[in-house]
Amino acid sequence: MTAPATGAVRRRVTVRGTVQGVGFRPYVHRLAARSGLAGFVGNTGDGVLIEVEGPADEVDRFCALLAHQPPPLATVTGVSHEDLPATGAAGPFTIRSTERAAGRAQLPPDTATCADCLRELAEPGDRRHRHPFVTCTHCGPRFTIATGMPYDRVATTMAGFPMCPDCAREYGDPADRRFHAQPVACPRCGPRLTLTGPGVRPARDADALAAARALLAAGRIVAVKGLGGYHLACDATSPEAVAALRDRKERGGKAFAVMCADLTVVERLAVLTGAERAALTAPRRPIVLVRRRVPAAGPEPAAQVCPGSPHLGVMLPYTPVHTLLFGLPGDPPGPQVLVMTSGNRSGEPIVTDDAEALTRLAGLADAWLAHDRPIAAPCDDSLLRVRPDGTEQVLRRSRGYVPRPLCLPVPVRPALAVGGDLKNAPCLGEGDLAWFGPHIGDMGDLATLDAARRAERHLSRLTNVEPRLVAADRHPRYHSTGWARRRAGAGLPLRLVQHHHAHIASAMAEHGLDGTTPVIGVAFDGTGYGDDGTVWGGEILLADYTGYRRFAHLTPAPLPGGDAGVANPCRLALARLWAAGLPWDPDLPSVTACSPPELALLKQQLDRQVACVPTSSMGRLFDAVASLAGVCHRAGYEAQAALELEAAALGAGDADAVAYPFGLTGGATLACDPAPMLRALLADRRRRTPAPVLAARFHRGVARAVTEICRRARGATGLDTVALTGGVFANALLEEKCSTLLRADGFTVLRHGEVPPNDGGLALGQLMVAATAPHHETE
């Protein structure tokens with residue numbers, strides 16, 4: 001053995017975090033080579049292991065750069081050091097093959113095509129010119145192609161594509177940005193595109209893309225296979241094409257998202273802030289809700305894209321296929337704005353399998369633009385909005401975020417939380433980390449339940465978490481809770497967590513609260529199973545992870561027809577009037593929206609309390625007010641009435657400062673009574689006050705009522721931190737008004753960011769409540 005050099009030191013460095021599949025080993029290799037250091041780097045089951053030897057000052061500098069200047073897609077969560085005896089090693093720094101030991105290395109999410117790959121895609125002389133699957137260590141698929149960990153090509157769906165000599169040379173060269181880029185391929189050895197469809201001439205590769213672009217320009221609907229599933233695409237500026245897609249998908253009036261060819265096209269359609277531009281162009285490429293430009297500065301989406309909404313959900317291309325579908329310079333022109341909606345039928349999970357796509361999307365699509373790289377995990381597009389202060393609120397956390405872990409403020413036992421029945425996204429946790437699965441959707445049928453089960457198995461393989469506890473909602477009829485019971489079986493304890501407690505715990509966990517001090521949790525949503533067996537949803541709870549006390553709630557009103565009645569805001573409005581003792585004047589919009597037989601049956605139903613579950617839901621109050629204001633009487637999709645009420649309120653501006661009053665009654669538990677608000681609204685109706693003004697005054701009234709209740713809670717308990725959570729706080733106007741008033745009153749306000757406020761974030765709260773509880777508290 002060579003004697004150690006004078007002053008040389010040797011150090012073992014373990015790096016944890018998202019450090020596989022991001023070019024971390026070649027980055028380490030280049031860093032060590034520049035400094036003249038010896039040693040090696042390799043992937044392990046837990047992250048990256050490095051042994052480095054050389055002058056002490058160079059080793060120190062090397063270690064500092066590892067932690068503070070990692071590659072673009074890497075996230076370093078921990079670096080540990082161990083001094084070793086110097087060996088005198090002077091040979092070149094090397095990259096070792098991956099150890100297949102068990103561990104918990106973190107896989108990065110799928111990311112949009114990087115600038116270098118886009119340049120190659122458009123460069124005629126490059127060997128990857130027009131290659132629909134161009135990628136490198138800085139971009140492309142990760143989560144959706146990974147079948148296991150550690151992350152190597154054999155553990156991805158690229159295992160079936162042997163590399164050609166040129167790609168193998170790049171893959172093995174530490175100086176190349178494609179060194180160990182697992183999806184690396186080229187036109188010679190990579191996946192292939194195909195176009196098929198009834199009456200469509202079959203085509204491959206560049207011809208398939210050109211033909212698909214021509215079909216879209218002709219007003220046809222094309223199923224396009226993306227990273228995490230199929231989209232249904234059509235020309236967003238064609239009223240006929242959008243109407244056909246809406247009709248075929250039975251979409252009702254729910255808005256479609258659109259994909260624009262580039263940021264310039266987006267700027268013609270929307271008024272963007274700097275933070276919105278940053279969100280649109282970030283590597284995760286979410287759908288961003290932006291304000292529409294009126295009038296548009298170019299061809300604008302058809303009215304059927306987002307009827308009645310001042311907002312537009314926009315995203316930019318994030319795969320080479322998308323970029324080529326819009327066309328490179330010199331290509332025949334095609335649509336520059338495409339509807340890009342999930343490839344599924346209403347209520348079903350997104351389609352990923354090519355054979356299934358031909359059957360499940362039959363009758364929806366006119367043609368299929370597919371490729372032969374399998375999708376290991378479905379992953380729908382993420383959705384967010386940007387607040388006026390530049391912070392983001394994620395409304396659907398999926399592609400670009402999953403499987404990035406969340407750091408927990410307190411350690412948890414290995415556990416699975418299954419979430420709720422709407423906007424389902426399961427969550428696994430162990431120690432100080434939690435991993436959300438991708439957005440699954442509404443748990444209404446067997447296909448969605450099967451998708452949730454598969455998502456959990458895939459996430460468990462990638463994270464190496466074996467649950468020893470299962471958490472679910474208390475609702476006895478939730479499909480998700482039924483799945484949790486079957487998943488727990490006889491071997492695992494099951495903990496049922498109250499719905500609104502879970503919402504509040506989710507907000508606490510996201511903000512790093514350890515639970516030693518409770519918060520005032522304002523949990524507003526549409527439906528949550530209450531302790532008394534009724535439907536809750538307008539709750540102010542004093543809560544930590546161990547429990548909660550109901551401090552205040554919206555005064556209950558009957559919910560005629562139960563969940564089935566939610567589709568009829570006009571009936572909810574009349575039920576609210578009935579509960580408040582207010583008359584059904586014949587000229588009220590909610591009355592005129594109902595037929596005489598419907599009115600008679602509803603009156604009888606309420607008087608006799610037949611099929612009328614009491615509800616304190618704030619979401620249902622928004623629905624009722626939407627009808628009373630003449631905004632929406634029948635809802636074709638979840639939260640339609642509330643969304644349209646918010647849109648109406650935004651149209652009123654800020655000139656009017658009136659806020660409708662709410663009553664507060666009771667002792668230990670306050671009841672927030674909407675009867676005074678209803679009386680004031682009806683009086684304004686009689687004065688022919690415009691609907692936008694009614695909507696704005698209602699929003700202000702709710703915000704002032706929330707502030708007053710929180711003020712009383714602070715007076716009773718000394719607590720001054722308020723968590724705003726639940727699906728109602730996806731309403732940007734309400735969240736902003738509540739936050740402004742509460743902060744002005746000296747409160748610390750917790751708002752959701754990366755974790756959705758709706759049921760898409762519910763599983764994190766279930767995890768925190770269930771997996772931090774003493775063992776004897778499980779059910």
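Buried means under 20% relative accessible area, exposed means over 50%, and partly exposed is in between, with a 1.4 Å probe and protein chains only. By that scale Thr237 is partly exposed, with a relative accessible area of 29%.

Before I go on, this is a predicted model: local features need pLDDT of at least 70, side-chain atom pairs count only at pLDDT 80 or more, and totals for chains, interfaces and linings use all residues. Residues are numbered from 1 along each chain as its sequence is written, and side-chain values use heavy atoms, with hydrogens and water left out.

Thr237 sits in the loop between β9 (230-235) and α6 (239-249); helices (H or I, at least four residues) and strands (E, at least two) are DSSP runs numbered from the N terminus. Its side chain makes a polar contact of 2.8 Å with that of Asp235. Here that term is a pair of N or O atoms within 3.5 Å; within protein, one must be able to donate a hydrogen and the other to accept it, and residues adjacent in sequence count only if both atoms are side-chain atoms. Beyond four places in sequence, Thr237 is in contact (heavy atoms within 4.5 Å) with Pro299, Glu300, Pro301, Ala302 and Val337.

Now the sheet. Five strands form an open, mixed sheet in the order β4-β1-β3-β2-β5, where two strands pair if DSSP finds at least two bridges between them. β4 (75-84) and β5 (94-95) are at the edges with a single partner strand each, so one side of each has no neighbour in the sheet. β5 pairs with β2 (residues 38-43) in the parallel sense over 2 bridges, and Val41 stands opposite Ile95 in β5.
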